[in-house]
Amino acid sequence: MNIRTTLTALSLALAAASTFAQGTTAPVVPPVAGAASKAPNMDAREKYQDKRIDKGVASGEISQHEAKRLKKEQRAIDRAQKRAEADGQVTDKERARIDRMQDKASKDIHRQRHDEQKAKPPVDGGVPKQ
């Protein structure tokens, strides 16, 4: 009886192990260490910052001169993005650099919109010429 119990337990253990082995999948490995694909929020954030600049000009919080400088900063970020994407992948290091540039630009926009300078709202709708 002892051998019969042992063989039954062993066969049940093997059956359970084979069922478990069939249910597992291979671990997911990132394609390249240190690389990441472009996140869609990079472009969305840039568009949002452009809108903030345009709203500031329209309300008179940002002068035409300040808007030109802020738009120039946005173009520099855009160039950095294009350089980072040129090889097909945006690495974590490149993404961090672009994020820092966007953080600085966001602070600059906030600072210009909330300083004590006031510009007359332009008649043409407030969009600066590039």
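A salt bridge here is a side-chain nitrogen of Lys or Arg within 4 Å of a carboxyl oxygen of Asp or Glu. The model is predicted: local features need pLDDT of at least 70, side-chain atom pairs count only at pLDDT 80 or more, and totals for chains, interfaces and linings use all residues. Residues are numbered from 1 along each chain as its sequence is written, and side-chain values use heavy atoms, leaving out hydrogens and water.

Q: How many salt bridges does this rule give?
A: The rule is the nitrogen-to-oxygen cut-off above. Applied here, the count is eight.

Q: How many residues apart are Glu61 and Arg113?
A: Their side chains meet in a salt bridge, 2.8 Å from N to O. Glu61 lies in the loop between helix H2 (41–59) and helix H3 (64–85), while Arg113 is in helix H4 (residues 92–113). Helices are DSSP runs (H or I, at least four residues), numbered from the N terminus. The pair links distant parts of the chain, with a separation of 52 residues.

Q: Which residue forms a salt bridge with Lys104?
A: Lys104 sits in helix H4, and its partner is in helix H3, 31 residues apart. The closest N and O atoms are 3.5 Å apart. The partner is Glu73.

Q: Is Asp108 buried or exposed?
A: Buried means under 20% relative accessible area, exposed over 50%, and partly exposed in between (1.4 Å probe, protein chains only). Arg111, its salt-bridge partner at 2.8 Å, is partly exposed at 49%. Asp108 has 6%, so Asp108 is buried.

Q: Which residues are linked with Glu73 in a network of salt bridges?
A: Glu73 is itself buried, at 14%. The network links Glu73 with Lys104, Asp108 and Arg111.

How values were computed
Helix = DSSP H or I, 4+ residues; strand = E, 2+ residues; numbered from the N terminus.
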